Amino acid sequence: MSDERSLRTFQRRTFLGLTFPDVSSYVLNCCANDCEGMTKEEMSKLMTEKWLPIASDLDAKRKAQVASLEIELPQFVDDAPKEIKKKKKSRLQGSGAVSKPKAKSISSPSPLSSWGGLSAVPLPTNRSIDVVRPGLVVMKNAIPLEIQQHFVDVSTALATPTNGLSGGWYTVSKDGKQSFNTGLTWGATTETLSHFPQQYRALCVSYLEKARAACSELPELDPNIVLMNFYTPDNPGIYWHRDNSTADRFAVERGIPVVSFSLGCSCDFAWKMEPTDPENNVVLNSGDVLIFGGPMRSILHSVPKVYSGTMPKGLKMAPGRINLTFRQQCIN
């Protein structure tokens, strides 16, 4: 596909995404490819008459897929000690070693006790909250393995096409062979939060509350979409970028944070404020939670490396890294 044609397709995809914000990215991409040469009015008509019924059918199938997994989401028992680490801004310049400041104990928020009837899973005892910079927080060893597996199973079900066409994390060849999509979408797909188990929102908000207790610069978040990325091992993840798409602009301008869950292989998460600034690097392992917002919401960031052979023992998934980012998108 030529660069000019790719740009036209992207422009159609952007228009359709703003006009039909609740439609999955897979259907938006299909309709954008189906709208070559059409006016905006013709595109809207095609979406309404052809693709919205398909979207409704796919949404029903996705929900049935998740429901058929027959897996319960365990309840957190927040009884393990936590510590907060804060680093001074002056120590973050360059890539040299940073000395660890003295840890401080904090009281924990209430557990998610409203999830009655679910089995209890203690949080990892070696977890910590690391305030890397005001607005950028890393929660190490935050997600128990049982809940990691739940995230993997649900996201894999949602990102696997069931209609024989390319979509989600996969490309389907003409002969029907399915392979991980590492092309222009970097194995990325977006789903509305309503497609996930309802407890996922509570989990996201719970982690953010813990981070906000350590970092007052983080605003609140009302998540409504989840960006799901799959990165193959020993390859670059995503290139340097800011979250500056039209759909992200509302959240970025207000500093509304992103809550990111890492699953599977470890990776390097690189960030900097401006293109000419030195790079900073954080290693994210399976079960870590990364949150950035407030003054850090518009940082340049990338995933330059995913490391093979680093998945935790007992986690069942294809070799690679799954990244789930909970976001708030608006078109106002």
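Modeller: Across the whole structure, six aromatic pairs are found. Rings of Phe, Tyr and Trp (its six-membered ring) count as a pair if their centres lie within 6.5 Å; planes under 30 degrees apart are called stacked, over 60 edge-to-face, and the rest tilted. One of the pairs is Phe 261 with Phe 326, which is tilted, at 5.1 Å centre to centre and 50 degrees between the planes. This is a predicted model, in which local features need pLDDT of at least 70 and side-chain atom pairs count only at pLDDT 80 or more, while totals for chains, interfaces and linings use all residues. Residues are numbered from 1 along each chain as its sequence is written, and side-chain values use heavy atoms, with hydrogens and water left out.

Strands (E, at least two residues) and helices (H or I, at least four) are DSSP runs, numbered from the N terminus. Both Phe 261 and Phe 326 are buried. Buried means under 20% relative accessible area, exposed means over 50%, and partly exposed is in between (1.4 Å probe, protein chains only).

Ring pairs also join Phe 261 and Phe 326 into a cluster with Phe 151, Phe 196, Tyr 200 and Tyr 207. Phe 151 is one of the buried residues of helix α4. Ten of the 14 residues in α4 are buried, so this helix is mostly covered. From its first C-alpha to its last, α4 reaches 20 Å, close to the 20 Å expected at 1.5 Å a residue; the expected span is 1.5 Å times one less than the number of residues. Glu 146 also belongs to α4 (residues 145–158), but Glu 146 is partly exposed, with a relative accessible area of 46%. The C-alpha of Glu 146 is 9.3 Å from that of Gly 314, 168 residues apart along the chain.

Next comes the core. In soluble globular proteins, nonpolar side chains tend to be buried together. A nonpolar core here is a set of buried Ala, Val, Leu, Ile, Met, Phe, Trp, Tyr and Cys residues joined through side-chain atoms within 4.5 Å. The largest has 43 residues, and those touching the most other members include Phe 151, Phe 261, Phe 326 and Val 259. Helix α5 (residues 199–214) gives the most to this core, with seven residues. Apart from it lies another core, of 18 residues, among them Val 132 and Ile 299.

Setting aside residues up to four places away in sequence, Val 259 touches Phe 326, Leu 324, Val 289 and Cys 204, among others; contact means heavy atoms within 4.5 Å. Cys 204 counts as buried, at 0% relative accessibility. Cys 31, for example, is in none: the nearest cysteine sulfur, that of Cys 35, is 3.6 Å away.

The side chains of Arg 327 and Asp 243 are joined by a polar contact of 3.2 Å. Such a contact is a pair of N or O atoms within 3.5 Å; within protein, one must be able to donate a hydrogen and the other to accept it, and residues adjacent in sequence count only if both atoms are side-chain atoms. The side chain of Asp 243 makes another polar contact with that of Arg 297, at 2.9 Å. Asp 243 is in the loop between β9 (225–231) and α6 (246–254), and counts as buried at 5% relative accessibility.

Terms used
Disulfide = S-S within 2.5 Å.
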